[in-house]
Each structure stands twice: as C-alpha cells, then as structure tokens.
Amino acid sequence: MRRKRRSRKIAGFLAFTCIAAGAVCIMMAFKEQGSAAGKFMREAVQSVIQEEEKEMIPFQPDTIDEVSLAQKFYYQQLATDEEKKIYRELLQGLRENTADIYVHCADPDQANEVFHSVLDDNPDLFWCEGSASSTSYPATMSSEAYVITNPDYAYSGEEKAARQEAIEAAVQECLSQIPQEYSEYEKIKYVYEYLINTVEYDLDAPDNQNIYSALVGKTSVCAGYAKSMQLLLERMGIFCTYVTGTATNSDGSTEIHAWNIVGCGDSYYFVDATWGDPVFQQEEGNPDERAMTYDYLCCSGRELFRTHELTEGFNYPECTSEELNYYRMNGMYYEFYDSERILNSMYASIEAGERYTVFKFASDDLYWEAHDAVVYDLVKQGASYLGQWYGLREAWYSCEDDPGLDKITIYWRYG
C-alpha cells in the first residue's frame, strides 16, 4: 500500500514538474497507468504542444488603433472583424517595410483585396509599389490557416526617410498658407487650386502613382493628384477618400481614372483636380489658353457621371447636393436664358480686366437655347465694349463651348 501511495505521488510530482518545463515528458509518467486521468493528461499535453506550435507562426502584430481608422472609407467598408484584422496586420507590416507579412487569413485573394483597400485608404504609403503576391498555407493539426503577403517596395531605409522628409516639408508648405478661419469648403477649394497651380499633368512623370510625384516632383497623373488631395485634406480633419473607375475623354476614349469624394458640412461631393487642370485638358487636345475648370470642385453625381464611372463593389456616399457648385456660388450659373444678364457679366469681366467670362447653364436644353446668341452675337458686343473701354483699335477674343459641361467660356485679349 505504501508503494502505491509513493507511485501516485511521484506521478503527480512528475506531471507538475514536466508541465512547468514545457510538457515534454509528462506522457511517460502516465503511460503505464492506462487510467482516465492518464488519457486526460495526454490530451491536455497535446493541446499545449499544439498551442505552442501555433504561436510560432510570426503573425504581424495588430497594434493599429482602430480610432485612427474611423475616417478610412475602405476599412469601414470591410464586412467582418476578420477582414478588419487582416487590414490592420497588413497596414502595420507596410508601415514597417515588412517583406513577409503573416496575416490571419486562409484566402490569398481576400488578402490581396484587403491589401489594395489599405493602399487606397493610406496615401502616405508612398514607398509601396502598389503590387503584392499572397500565398496561403492551410490549417494543420498544429496550426491554423494563414497567408503570407509579399509587397513590392520602391523605397526603404535612408532613401525612404529622405523622401518622407521632403513630402512632409511640401505638406507643411501648403497647409501653412491656409488661414485658420477658412471654412471646410474654402480649405477644399484651396487644396484643389493649389494642386492645379503647382502640379503639371505628365504621363511620363516618375513616381506618378504616389504623392511624392505631385507634392515634391510637381508632375504627376490622376493617382498623384487624388492621393495628394486625400493626404492634405485628411491632415486638416476633412473626410476625403480616394476612388477609382473610368473616365471618358474628349475624344471618346475611356481610360482608368482616379479622383476623390470629400465630406463638407452634411453632404458629400466629388472632386477631380486632374480634370480641373488646364494642362491635362491640353493633353486631351483642348485650347492652350483653357482656364482652370471648377466643374470638378465639389460637384454632384449628376454632373460627374456624364464622363466618370465608379468602380463597383463599394457603398459610396451619395453625392447629390449641388449647394457648393462653384458657378452657382459665384453668379455664373444660369437657370434660364437672360441676354441682358449675360452681357452685363461680360462687361463686368472686361472692366475688371479678367481673362475670361464663364457661363454655366443648368441643362442641355438651356445650353443650346443660349449657345448661338452668346457665341455669334453677344460676344461681339462684348468685344466692342472691350475696345471702347480700353481705347483699343482691335479687340480679340475666343470662345470655348463645352456641351458636355453645358458651359461657354469667353477669353478676352487686352492688347
């Protein structure tokens, strides 16, 4: 009897000791017992071993504060907590230039989709090429399924740091010029004009898919404009997301395009600084003297969807308000044909020495009702007034009619 008691004590002691040491030898202590307790302990040890093996998978630490993602459009579009965890793991890995990002995911296609959501939400990740490959690893007896995502990085180390410093200097240069008392709309308008005035549209611009090209290099394409708009407005606490789709150019061709949705007041609006840039319009074959276009500043879907189409699959905010239509706000918007008002607008522009006068009409029918009178009659009266007002022997002007935007622009030359 004493021997039996000693045996049980030793087994119990060995079990305690081996579990504390990592649960490697415990199976030996109970192998000979064949008891229910032995079976229970074997299963417990196996579970411990499996858990330890699971922990060996180096998942990317999930350290991103969800509060910081509250205004990130694509993050908020994710349907499940699992997808949001994948997003946070990828974001953390991208910030650290991690070569192999281990994420809690079983489907590589899902990881790749979330990867692009991360990039679309975070324009500051300029060092990412925009591409990645993902490989899945199935669950086993000792581990859960996971995916390794391998992003392509354009910059790292000292070069990344130097470019980051240059971008931050450019951001501060822009934002420091904006008066603190500006309204949300005025801040959006300022950034829109800033990008158009400082960036030239160039298909061959280096780094043209990220903010460095626009903010530092000052040449870019739609992606650089839109991501820079997103970054600058987010820095001021204004909701702005990057959206993609297609756009139909003046020659009828369709191409992949990027622009923005912004929140202002209680409404959402589209903003497309690329299409507002006269250099881009010159690339599309329009007159060299074309003015900055405000049709794409805080515009509605009714206006934008004439030429643009959003990528499907997302629940975008509705952009239906026309309250912030630039032409409406500045007395250039016509809801009925009024020849006297049109002439007076020309005279006022001429007296002020303005380079152009714009007439924006509320509909296609109204545009065509006014078109011939403005382009073939009223503009001549305006040119005559220009000559008289400035004592010129000749007065020069040109007309730009844009039926796609229901807009006529008259350019004046003062000698």
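## Terms and basis

A residue is called buried when its relative accessible area is under 20%, exposed when it is over 50%, and partly exposed in between, with a 1.4 Å probe and protein chains only. This is a predicted model, in which local features need pLDDT of at least 70 and side-chain atom pairs count only at pLDDT 80 or more, while totals for chains, interfaces and linings use all residues. Residues are numbered from 1 along each chain as its sequence is written, and side-chain values use heavy atoms, with hydrogens and water left out.

## The chain as a whole

The protein chain contains 16 helices and 13 strands, taken as DSSP runs (H or I of at least four residues for helices, E of at least two for strands) and numbered from the N terminus. Of its 415 residues, 47% count as buried.

If a contact is taken as heavy atoms within 4.5 Å, then 62% of the contacts between residues at least 6 apart in sequence join residues at least 24 apart.

## Helix α10

Helix α10 covers residues 222-235, and its 14 residues reach 20 Å from the first C-alpha to the last, close to the expected 20 Å, a span defined as 1.5 Å times one less than the number of residues. The helix is mostly covered, with 12 of its 14 residues buried, among them Cys222, Tyr225, Lys227 and Gln230. After α10 comes Gly237, which has a positive phi near 80°.

## Salt bridges

With a salt bridge defined as a side-chain nitrogen of Lys or Arg within 4 Å of a carboxyl oxygen of Asp or Glu, the count comes to 17. In one of them, the side chains of Asp207 and Arg163 meet at 3.3 Å, N to O. Asp207 lies in the loop between β4 (200-201) and α9 (211-217) and Arg163 in helix α7 (residues 157-175), so this pair ties together parts that are 44 residues apart in sequence. Asp207 is partly exposed at 23% relative accessible area, whereas Arg163 is buried at 15%.

Asp406 and Arg306 form another salt bridge, with their closest N and O atoms 2.7 Å apart. Asp406 is buried, with a relative accessible area of 1%, and Arg306 is partly exposed, with 32%.
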